[in-house]
Amino acid sequence: MAEDLEDLYENAPCGYLSLGPDGRIVKSNLTLSVWIGLSQEELLGKRLRDLLNVAGSIFYETHFAPLLRMQGFFNEVALDFITAQGAKLPVLANALERRDAEGNLLFTRVTIFQASDRRLYERELVEARAAAERGLELERSAAELREQFIAVLGHDLRNPLAGIEAGLRRIQRMGVTDATPAMLDLMFQSVDRMKNLIDDVLDLTRSRLGGGLPLQIEPGRPLAPTLRQIVDELQVAYPDREIDDQFDLSDSVDCDHGRLGQLLSNLLGNALTHGAEDQPIEIRGTTQDGYFKLWVANGGDPIPPAAMERLFQPFYRGEVRASLNGLGLGLYIASQIAQAHAGKMSVTSDPDRTVFTLVMPTRQPDTREVGSDSG
């Protein structure tokens, strides 16, 4: 039995379109009409772009139509048809121009293949690849954290632990003497240092693997006393340094007071460590237009441009003196505290001074008044 070519065209497993030289449909098959819900008569005179969604129509006119005119064909172009019912029909289209001996365009043949399953498969592949990349990044972060923990245990925690051990051995060997109280003070300082190191590492772990630092927001509690307490504590530790602090907080700041105190302590400690000893450290805190701004400025050598890019990365210490202790987590944790409050840390540095600045909203999302006018 001979193949019925007319039936093959009309009921092919793909859609057919023929476009005239003006780009309008002059012929189509029944398969395409069934797919999109428009009869062959309704398709006559339409342009291919009329069958596409808005984005697809723009993309077709700006990319694929010029490509067709330039090379005379295109293959496997992904398009989205819109059916008569308004549904989206993902397809792949191939097009080929037919010209006469003089090169005049006679018509353009277009074949349409449904691509719903293929698009779904491709999307699943993309999602699987993204999930794999996220898993790999998480694995890398975990490996990096393991290495950093080992470094902490092997070096930074060992130093204060060695001091405690040495003090205990001396007391064990010599008994209680006049030097014992001073030695105990040094040992307690080593204990505090170990606690701070452990807290920093725990904060790092929470921020890197736990989805951010947890906050305990205290709406309405005055922030200035908390900040002044931090300044006073560090002033006692550095009695010879001049610290000029001013806090003009006309609006309340909804925040975690412990975390913002930690942030200021990290910034001020950084300024005391790296700033010029003969120049004052300036601290300012203000509220304006719904934002809280806190900045700490110190004189001294500017931060090198190469170091500026890494200041807020964990375990970065920069060009510091060997006598300076710490994990290099202070500025990183400060940036994470800012981020947890929907804020941001920034830094500027020139030969005159270096300024670290926090800007954050005075109201946190979970403390905003919702529906206050609905009553």
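Start with Thr 177 and Thr 180: in this predicted model, the backbone nitrogen of Thr 177 sits 2.8 Å from a polar atom of the Thr 180 side chain. Thr 180 belongs to helix 7, which covers residues 180–209. Its relative accessibility is 7%, so Thr 180 counts as buried, the cut-off being under 20%. Leaving out residues up to four places away in sequence, Thr 180 touches Ile 171 and Gly 175.

Next, the cores. The largest nonpolar core has 39 residues, and Leu 263, Ile 283, Phe 292 and Leu 358 touch the most other members. Elements giving two or more residues to this core include helix 8, strand 6, helix 9 and helix 11. Helix 9 supplies the largest share, seven residues. Another core, of 24 residues, lies apart from this one; Leu 52, Leu 68, Val 91 and Val 110 are among its members.

Back to Phe 292. Beyond its neighbours within four places in sequence, Phe 292 contacts residues including Leu 223, Leu 227, Leu 260, Leu 358 and Met 360.

Last, the helix pair. Which way do helix 9 and helix 11 cross, left-handed or right-handed? The crossing is left-handed. Helix 9, residues 257–274, packs against helix 11, residues 330–340, at about 145°, and the axes are 9 Å apart. On the helix 9 side, the contact residues include Arg 259, Leu 260, Leu 263 and Asn 270; on the helix 11 side, they include Gly 330, Ile 333 and Ile 337. By class, eight residues in this contact are nonpolar, four are polar and one is charged.

Definitions and conventions. Residues numbered from 1 in each chain as written. Predicted model: local features only at pLDDT ≥ 70, side-chain atom pairs only at ≥ 80, totals over all residues. Heavy atoms only, no water. Axes fitted to C-alpha atoms, helices over the stretch in contact; angles between N-to-C directions. Helix = DSSP H or I, 4+ residues; strand = E, 2+ residues; numbered from the N terminus. Left-handed = near helix turned anticlockwise from the far one by under 90°. Contact = heavy atoms within 4.5 Å. Nonpolar A, V, L, I, M, F, W, Y, C, P; charged D, E, K, R; others polar. Buried < 20%, exposed > 50% of the residue type's maximum accessible area, 1.4 Å probe, protein only. Polar contact = N/O pair within 3.5 Å; in protein donor to acceptor, adjacent residues only side chain to side chain. Core = buried A, V, L, I, M, F, W, Y, C linked by side-chain atoms within 4.5 Å.
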